[in-house]
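Hi,

Here is the structure I promised to pass on.

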Amino acid sequence: MSTGQFQLRSRLRGATDVAVTTLAILATVVVVTPLVAIFAYLLVKGAASLNVDFFTHVPKPPGELGGGMANAILGSGILLVLASAIGIPIGIGGGIFLAEFGRGSKLANAVRFTADVLNGVPSIVMGVAVYGLVVSQQHSFIPFSGHFSAFSGGVALGIMMIPTVCRTTEEMLLMVPHAVREAALGLGVPNWRSVLSITVRTASPGIITGCMLAFARVAGETAPLIFTALGNQFWSTSLNEPIAALPLQIWVYALSPYDDWHRLAWAGALVLIVLIVLAVSLVRFVTSRGVLKGTS
Amino acid sequence: MGVGIEVQNLNAWYGNNHTLQDINLNIPANHATALIGPSGCGKSTFVRCLNRMHETNPIARVTGVVRIGELDIYSDAKPVEIRRRVGMVFQRPNPFPTMSIYDNVAAGLKLNGYANKRSLDEIVERSLKNSALWEEVKDDLKKKSGASLSGGQQQRLCIARALAVDPEVLLMDEPASALDPVSTSKIEDLIFQLKSQYTIVIVTHNMQQAARVAEKTGFFLNGRMVEFESTHKIFTNPSDKRTEDYITGRFG
């Protein structure tokens, strides 16, 4: 190869390098922009309406200025705790079955398929389904059934969490190296113990991420709550009563004809996002303290 | 103390693949026994049959008799009990990545419900001393993860973990093949010390390694054991032509 050819090639290579790097940076910017834009827009629109009242007062009747969303913040918290209590254990249990005990079996394939379909069910359909199963049942063994209730809202959100938690748990467990399982079995540890104490523990950072994804997704869901939790203008902490939730309140306020309610809706949206970020960060912080530094 | 291993008419299959055919041998107690042979000859399968680890593969099947001491492992006991008596060290170091050094060593006992903290401390210390790792890790036992150690240290950690459950036999499946020469020689020194307390069976691709650490050596080829003799005899005066060909580097 002559010197001229070599120089040309090396210049071409340099140019390709710059081009690809630029594209990658551009793609990153495009990915991050919507999140930053949404957050900035919410800050501009909502921050001004945020005050102590917002966090301490329930909504005022139409026509009166002021009021807050304290009941909706608490309501969302109750609904999400209930949803997590239903969705996370069932989802993780299903994921463990798919990856460890039922691997390759027909039942596992059926469960996996069902979970994927469930993941694609529109959230409004989930609301209608839980309405039919819980809310509209007048004489049923299901607790709190027969009317709109916080319980039915939690059930709807919980069912929505199951497929995400289940499938990420499975994926994360399958990523645990075979050598780690062998090491446990080679020590004379029974299989069930090895799965629970070694495999699940090794995969736990990924499993927690899956739970957080599912949590963040249902935290902003409105549609499943319309037919179940219904919403509430007053204080309520009872699982047996309709309960307020931030997304529901935002939806109602944003559609209302009052400017003051519009401002509160913006503030509510901002609070919702901040609370989700806080909850996810808190879980990450708490669960990462136990994990040793230097772990690869 | 170690116990001897008696193998009679051992056959093993993976699906339709007849990987071990009519293996008969007696592995002496408190000695190191090396198994050599080309890749795919069945030596790894053979050691896995000694603690029933092959059963973790659903298509594996075995016939024959294996006695560890007095225990007939295929009729008298459950796999988990056998594996507590027959420890195993694998080719690639496989510490539990989310556990500290201490927890790695204690894992076998803790997961089997052993909870006496003081004696656990003693067992961890003794196991790490036996695996010649104590001096290097004693200050970070609970601070560092098992995965943060170097490859050679990780392998000695895995040996400590196997020793902590107090086995009678230690199976080592190419324990040094993923390690550098310095770490390898440490592992070999270790095998030399450990055989006073344990019966050791070591699979190796490295014939010098077999010659250095083992009193007896078995040569496997195509699922059969061609020759089982004192290491000295195998390497200086093998009775089978195939053994001689392998050792002199004519194939494999």
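Let me start with helix α6 of chain B, which is mostly covered: 13 of its 14 residues are buried. Here "buried" means that 20 or more other C-beta atoms lie within 10 Å of the residue's own, "exposed" means 12 or fewer, and "partly exposed" is in between, with C-beta atoms placed from the backbone. Helices (H or I, at least four residues) and strands (E, at least two) are DSSP runs, numbered from the N terminus.

Before going on, some housekeeping. This is a predicted model, in which local features need pLDDT of at least 70 and side-chain atom pairs count only at pLDDT 80 or more, while totals for chains, interfaces and linings use all residues. Residues are numbered from 1 along each chain as its sequence is written, and chains are lettered from A and ligands numbered from 1 in the order in which they are written.

On confidence, the predictor gives the complex an ipTM of 0.88 and a pTM of 0.86. Chain B has a mean pLDDT of 92, with 100% of its residues at 70 or more; pLDDT is the predictor's confidence in each residue, from 0 to 100.

Back to the helices of chain B. From its first C-alpha to its last, α6(B) reaches 20 Å, close to the 20 Å expected for 14 residues at 1.5 Å a residue. That expected span is 1.5 Å times one less than the number of residues. After α6(B) comes B:Asp166, with a positive phi near 60°.

Helix α7 (residues 181-194) of chain B also has 14 residues and should span 20 Å, which agrees with its end C-alpha atoms being 20 Å apart. Which of its residues are buried? They are B:Ile187, B:Leu190, B:Ile191 and B:Leu194. Seen down the helix axis, these fall within an arc of 100°, so they line one face of α7(B); the arc is that of the directions from the helix axis to the C-beta atoms. The face turned away from that buried side carries the exposed residues B:Pro181, B:Val182 and B:Gln193. As for partners, the buried residues of α7(B) pack against several elements of chain B, including β3 (32-36), α4 (117-130), α6 (151-164) and β8 (199-203).

Helix α1 (residues 43-50) of chain B is mostly covered too, with 8 of its 8 residues buried. Among them are B:Lys43, B:Phe46 and B:Arg48. Just after α1(B), B:Arg52 takes a positive phi of about 60°.

Why point out the phi values? Most residues other than glycine have a negative phi. B:Asn30 sits in the loop between β2 (17-27) and β3 of chain B and is partly exposed, with 17 other C-beta atoms within 10 Å. In chain A, A:Leu230 has a positive phi of about 70°. A:Leu230 lies in the loop between α9 (223-226) and α10 (246-255) of chain A, and counts as buried with 20 C-beta neighbours inside 10 Å.

Now the core. The largest nonpolar core has 145 residues, and A:Leu79, A:Met161, B:Val201 and B:Ile202 touch the most other members. Its largest share, 13 residues, comes from helix α6 (residues 150-175) of chain A. Such a core is a set of buried Ala, Val, Leu, Ile, Met, Phe, Trp, Tyr and Cys residues joined through C-beta atoms within 7 Å.

And where do the chains meet? The contact takes 20 residues from chain A and 24 residues from chain B, with two residues in contact if their C-beta atoms, placed from the backbone, lie within 7 Å. On the side of chain A that touches chain B, α7 (178-186) and α8 (191-219) of chain A each give two or more residues, and the largest share, 6 residues, comes from α7(A).

Finally, a strand residue. B:Met225 lies in strand β10 (residues 224-230) of chain B and is buried, with 23 other C-beta atoms within 10 Å. The C-alpha atoms of B:Met225 and B:Asn24 are separated by 8.0 Å, although the two are 201 residues apart along the chain.

Cheers
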